[in-house]
Amino acid sequence: MSKYAVSSNHLSPIDLLGERVEGTFTAEEAMEKGHLGGWNIRKTPSFAFVDGKKIARPGMFDVIRDNPENGQPQVMGKYPVSESYSIIQNEDHAAFLNTLVEESGANFELAGSIKNGEVVFLSMKMPGHIQIGGVDPIDLSLLAINGHGGSMSFTVAAMPIRYACSNVLNSVHSGMSGLVRIRHTSGAQKQMVAQAREALDISFKYLETFQEEANRLINTTMTQSRFEEIIEAEFGADEDAGKAAITRSEKRLDELNGLFADALTQEGIRETAWAGYNALTEWADHYSPARGADQDLSRAQRSILDPSFKTRALELMLAEV
């Protein structure tokens, strides 16, 4: 029996990143459960040490927080930020989310931080779900992400999640990414309130586009042999590849073919281009190689923050429609 013939009960990548906060009714309550309150994020002048001397970096600042685990100051990010960089406190993040909840009827799901506090997120589940082809249910979550290390904008992302395998299907659909970004510049807090409605509008438009393309995929037949041809052309090793690269490629192709052919998560959609897309996204979220001691966590971070693989997977399957 194939290993994919047994249900794996995957957790969504989002579930691996934070604390469950279901039953909370305000963002402040969700933040408290996710240990996100009272960080007191601020900028302090940045210094370098040269030959034992402390030298100021003109116009450059370090971002500092009070670590909630020990109460001690902690530098956020690898590099200093400029004078124009504006702090978006976790409390500002919460006020924005409360506006989204009031507008949409969403429920808080998870809250937490990754990368040693440099990236903070809260997720909300939108009411109801959609059915792809009338048979495959998809939930929609909104993920509000803020970076405190100077390298990430405040971002609201629409995240369709397939119920059967907990894949996060955050591809770019027909040029739409489902993202709203607010830069850390002067007036950012005011922009956040003004752009709450825009974030919801973009999310709903993204979901509509997503459903249209998914229905096209589920109504397109794809045989096992055709799927194998596609992934061999896209992910197969080059002719001059070394032995290690060939081994990695063969393993990836074997896993992808197994997911398409045998995974219980494909029941009801098997031998369609939609099944091909979900085999690729399931592999990315739950089987792809990842660095670090906690590969599940590394894979989850990549799944949420970098949709490039899934966007390419979608392009490959839509080319068959």
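His93 touches Val120, Phe121, Leu122, Ala144, Ile145, Asn146, Phe154 and Met192, leaving out residues up to four places away in sequence. The residue belongs to helix H2 (residues 90-104), and His93 counts as buried because its relative accessibility is 1%, under the 20% limit. The model is predicted, with a mean pLDDT of 87 for the protein and 97% of the residues at 70 or more.

**Confidence**

- Helix H3 (residues 188-194) has the lowest confidence in the protein, with a mean of 74.
- The highest confidence is found in helix H5 (residues 224-235), at 96.
- Where pLDDT is low, the predicted coordinates should not be read in detail.

- Ala199 lies in helix H4 (residues 196-218).
- With a relative accessible area of 2%, Ala199 is buried.
- Apart from neighbours within four places in sequence, Ala199 is in contact with Phe96, Leu100, Val156 and Val180.
- Thr155 is 44 residues away from Ala199 along the chain, and the C-alpha atoms of the two are separated by 9.3 Å.

- H7 consists of 14 residues and reaches 20 Å from its first C-alpha to its last, close to the 20 Å expected at 1.5 Å a residue.
- H7 is largely enclosed by the rest of the structure, because 14 of its 14 residues are buried.
- In helix H8 (residues 295-305), the buried residues are Arg299, Ala300, Gln301, Ser303 and Ile304.
- Strands E5 (107-114), E8 (136-147), E9 (154-162) and E10 (167-168) are among the elements that cover the buried residues of H8.
- Helix H7 (273-286) and helix H9 (308-318) are also included in that cover.

**Largest pocket**

- The largest pocket holds about 360 Å³ of space.
- Its lining is made up of 20 residues, and those nearest its centre are Arg252, Trp283, Ser288, Pro289 and Arg302.
- Helix H6 (243-262), H7, H8 and H9 each contribute at least two residues to the lining of the largest pocket.
- H6 gives the largest share of this lining, six residues.
- By class, the lining of the largest pocket comprises seven nonpolar, four polar and nine charged residues.

**Second largest pocket**

- The volume of the second largest pocket is about 310 Å³.
- This pocket is lined by 13 residues, of which Gly77, Lys78, Glu118, Gly149 and Ser151 are the closest to its centre.
- Strand E4 (residues 73-82) supplies the largest share of the lining of the second largest pocket, five residues.
- The lining of the second largest pocket contains five nonpolar, five polar and three charged residues.

**Cavities**

- There are two cavities of 30 Å³ or more.
- Leu17, Ile114, Val119, Phe121, Leu143, Ile145, Ile304 and Leu305 line the second largest cavity.
- Strand E6 (119-125), E8 and H8 are the elements that give two or more residues to this lining.
- The lining of the second largest cavity has eight nonpolar residues, with no polar and no charged ones.
- Phe121 and Ile145, which are in the lining of this cavity, are also among the residues that His93 touches.
- Ile304, another residue of the cavity lining, is one of the buried residues of H8.

Key
Residues numbered from 1 in each chain as written. Predicted model: local features only at pLDDT ≥ 70, side-chain atom pairs only at ≥ 80, totals over all residues. Heavy atoms only, no water. Buried < 20%, exposed > 50% of the residue type's maximum accessible area, 1.4 Å probe, protein only. Helix = DSSP H or I, 4+ residues; strand = E, 2+ residues; numbered from the N terminus. Contact = heavy atoms within 4.5 Å. pLDDT = per-residue confidence, 0-100. 1 Å grid on protein atoms, 1.4 Å probe; cavity = no way out; pocket = protein on both sides within 12 Å on 5 of 7 lines; lining within 4 Å. Points joined across faces, edges and corners; volume = space filled by probe spheres on them. Nonpolar A, V, L, I, M, F, W, Y, C, P; charged D, E, K, R; others polar. Expected span 1.5 Å × (residues − 1).
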